[in-house]
Amino acid sequence: MLLTVHKIDPFADTDETLTPSNSEVNDRAENPIDEPTKPASELASSEIDEIHYLVSSRHLMLASPWFRRPLTSDRYIEALKDPSDGRYHIQANGWDEEALLILLNIFHVLTRLTPATVSLEMLAQIVVLVYYYELENAEVMERDTVVWIANVKRTVAIPSSYCRDLMLWICISGVFNMSEEFEKATAVAVKDSTGWIQTLDLPIHQEITSSIEHSRCNALEHIISELHRQLEVYRDFDYFCPNHSYYSFQCGVFLFGALTKYMERWIFLSPRPEQPFLGISLNGIANMVKDMERLQQNHHLNNCCGGGYNQLCNLNSKIGGVIQNALTEVKGLKS
Ligand SMILES: [Zn+2]
């Protein structure tokens, strides 16, 4: 076993021991939306490390209510010094080594060792600790987090697809009350996710993931219901063409046939997709409609009358309008 010791306080009375885990934010193997950034060999070695942070219990207690509880109550074994080394011992599992070092350096006012900027990934790792150690409103963290957040906002764009970085943004913006980023990032998740939201063990409340899933399902239900309703309109033998009443029958035949074919192609026809609409995203539907527009442009049968009335009875504009309206209605969550 590899031991690493960080001597943060030369007069340390506390040994915080970290056992890194492969099941926290770093668990990259089991998350389909995850993007591995570390080689497997590196992960394997980190699994057996034990990392000691030699710190001052006073600084821990001043900074964090979480540390105050075990260190000030006889009910906790952590409140008793180990006679072998005269120190308090606190265990930690699964945290990122560097993130915990940054946090403890801040607690001990080691400002020169505190980075001026951190990556989105590191900020998320720190947020995990901020949440766990109840530091959301901690004065000691305030200055650095404000600077880090400003830098990340300036340098890292919120992704336009549902991916690992998007979940990091949702986590960071949720914990630090960044309302604009939170709304934007959750809107992307509503539009681009295809099922249950994976939190990657980040501190993202179930209320948030449930709201994202709820909004996505509502919008999909609306679109699929509208498509089926429109199909029934065209299917009606007495369908009336608002543009050329003389061609009403031909128009209904064309639009009913075309929409049936597309809905079958999109697997929306039978069986009709139902909640939770696994595998379907709103962005995916928008792309299907673009695909439909492209296909129909290649043929000249855009409308009921065979090409002479391009602006009339166009399936693209009708269906495209339904999808576009539904997407416009989709909003991100308010923090
Ligand atoms: Zn028509």
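A crossing of two helices is called right-handed if the near helix is turned clockwise from the far one, and left-handed if the near helix is turned anticlockwise by less than a right angle. The exercises below concern a predicted model.

**Exercise 1.** Determine how helices α8 and α9 are oriented to each other, what hand their crossing has, and which residues meet.

*Solution.* Begin with the axes: those of α8 (residues 179-192) and α9 (residues 206-235) come within 8 Å and cross at roughly 50°. Next, take the hand, which for the crossing of α8 and α9 is right-handed. Finally, look at the residues: Thr186, Ala189 and Val190 in α8 meet Ile212, Ser215 and Arg216 in α9. Sorted by class, the residues of this contact are three nonpolar, two polar and one charged.

**Exercise 2.** Describe the crossing of α7 with α8, and name the residues through which these helices meet.

*Solution.* The axes of α7 (residues 164-175) and α8 come within 9 Å and cross at roughly 145°, and the hand with which α7 passes α8 is left-handed. From α7 the contact draws on Leu166, Trp169, Ile170, Ser173 and Gly174, while α8 brings Glu181, Phe182, Ala185, Thr186, Val188 and Ala189. By class these residues divide into seven nonpolar, three polar and one charged. Thr186 and Ala189 of α8 take part here, and Thr186 and Ala189 also meet residues of α9.

**Exercise 3.** Work out the geometry and the composition of the contact of α4 with α5.

*Solution.* The axes of α4 (residues 97-107) and α5 (residues 120-132) come within 9 Å and cross at roughly 65°, in a crossing that is right-handed. On the α4 side stand Glu98, Ala99, Leu100, Ile102 and Leu103, which meet Met122, Gln125, Ile126 and Leu129 in α5. The class count for this contact is seven nonpolar, one polar and one charged residues.

**Exercise 4.** Assign the residues of strand β2 to its two faces, and state how β2 is joined to β3 and β4.

*Solution.* In a regular strand the side chains alternate between the two faces of the sheet. In β2 (residues 14-19), Thr14, Glu16 and Leu18 form the covered face, whereas Asp15, Thr17 and Thr19 form the uncovered one. Turning to the neighbours, β2 and β3 (residues 50-55) run antiparallel and are joined by five bridges, with Leu18 opposite Ile51 in β3. With β4 (residues 88-93), β2 runs parallel and is joined by six bridges, and Thr14 stands opposite Tyr88 in β4.

Methods
Residues numbered from 1 in each chain as written. Predicted model: local features only at pLDDT ≥ 70, side-chain atom pairs only at ≥ 80, totals over all residues. Buried ≥ 20, exposed ≤ 12 C-beta atoms within 10 Å, placed from the backbone. Helix = DSSP H or I, 4+ residues; strand = E, 2+ residues; numbered from the N terminus. Pairing = 2+ DSSP bridges. Axes fitted to C-alpha atoms, helices over the stretch in contact; angles between N-to-C directions. Contact = placed C-beta atoms within 7 Å. Nonpolar A, V, L, I, M, F, W, Y, C, P; charged D, E, K, R; others polar.
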